[in-house]
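Colleague: I'd like to learn how to read a few features of a model like this one. Could you walk me through them?

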Amino acid sequence: MTDKRILIVLHQETSTPGRVGQELVRRGFSLDIRRPRFGDPLPGDMRHHAGAVVFGGPMSANDPDAYISREIDWIGVPLKEQKPFLGICLGAQMMVRHLGGRVAAHPREEVEIGYYPLHPTTAGKSLMSWPGKVYQWHSEGFDLPRGADLLATGDTYPNQAIRVSPRAYGIQFHPELTHAMMVRWTTKGAPRMAQPGAQGRHDHFAGRFVFDGAVRKWLDDFLDLWIGRADKA
């Protein structure tokens with residue numbers, strides 16, 4: 001691996017790559033953080049990057065904003081070059097849109113905000129062990145693109161983790177969440193916890209105490225599979 005930089009795409013001024021960023025740095029990578037919403041360009045190719053992660057945000061992959069369309073189109077760059085790509089929540093939905101799939105709200109307008117059960121498929125179990133519950137914060141889900149493998153399902157939103165090529169994945173949940181991020185999200189996003197299906201703030205922190213260890217273990221296993229270590233490449 002000639003370049004150890006990971007392209008990190010964030011969508012708000014205060015957003016951070018959280019635990020995902022921390023773990024990538026621990027594995028010997030450096031982070032090239034871009035915020036296209038605020039004018040940062042995206043590279044025309046991946047020759048100077050070892051992989052890319054597109055994170056979430058409060059916007060929708062269906063929004064008409066120009067930067068949303070540019071990001072959706074740009075995802076074709078790492079996919080075409082078969083560079084490691086990970087889409088988290090909005091990032092996964094953007095990848096699905098790029099591949100011609102649909103992103104939409106739940107038919108009953110239910111959301112997933114808090115910890116919810118995760119059910120690995122046979123394909124998912126063949127790759128790694130999965131946590132019983134994961135942290136969610138979304139009001140839209142995505143269809144399974146043609147040719148993609150479904151790795152994990154959920155009760156309210158059935159498509160939770162997908163693989164569209166050996167090196168490109170999309171997940172609906174948030175393994176990047178740190179304690180500080182949970183404090184910030186549940187404070188700034190408090191009104192959203194009144195939506196149908198959302199959990200109360202206390203349940204978020206109680207769930208983290210119970211389930212975060214398994215989520216951390218899953219992330220470590222996933223990064224082994226997805227990109228490995230820069231210092232062993």
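Modeller: First, a term: helices here are DSSP runs of H or I, at least four residues long, numbered from the N terminus. The model is a predicted one. With that in hand, take Phe222 and Trp226: both sit in helix α7, four residues apart, or about one turn of the helix.

Colleague: How do I describe a pair of aromatic rings?

Modeller: You give the distance of the centres and the angle of the planes. The count here comes to 10 aromatic pairs. In one of them, Tyr135 and Trp137, the centres are 6.5 Å apart and the planes are at 40 degrees, so that pair is tilted. Phe222 and Trp226 are stacked, with 6.2 Å centre to centre and 15 degrees between the planes.

Colleague: Are Phe222 and Trp226 buried or exposed?

Modeller: Phe222 is buried, at a relative accessible area of 2%, and Trp226 counts as buried at 2% too.

Colleague: What about empty space inside?

Modeller: Rolling a probe the size of a water molecule over the atoms shows where empty space is left. Searching the whole structure turns up one cavity of 30 Å³ or more, and the largest cavity holds about 40 Å³ of space.

Colleague: Which residues line the largest cavity?

Modeller: Among them are Arg19, Tyr135, His174, Arg208 and Asp212. Helix α7 (residues 201-226) gives the largest share of that lining, three residues. By class, the lining has five nonpolar, one polar and three charged residues.

Notes:
Residues numbered from 1 in each chain as written. Predicted model: local features only at pLDDT ≥ 70, side-chain atom pairs only at ≥ 80, totals over all residues. Heavy atoms only, no water. 1 Å grid on protein atoms, 1.4 Å probe; cavity = no way out; pocket = protein on both sides within 12 Å on 5 of 7 lines; lining within 4 Å. Points joined across faces, edges and corners; volume = space filled by probe spheres on them. Helix = DSSP H or I, 4+ residues; strand = E, 2+ residues; numbered from the N terminus. Nonpolar A, V, L, I, M, F, W, Y, C, P; charged D, E, K, R; others polar. Phe/Tyr/Trp six-rings, centres within 6.5 Å; stacked < 30°, edge-to-face > 60°. Buried < 20%, exposed > 50% of the residue type's maximum accessible area, 1.4 Å probe, protein only.
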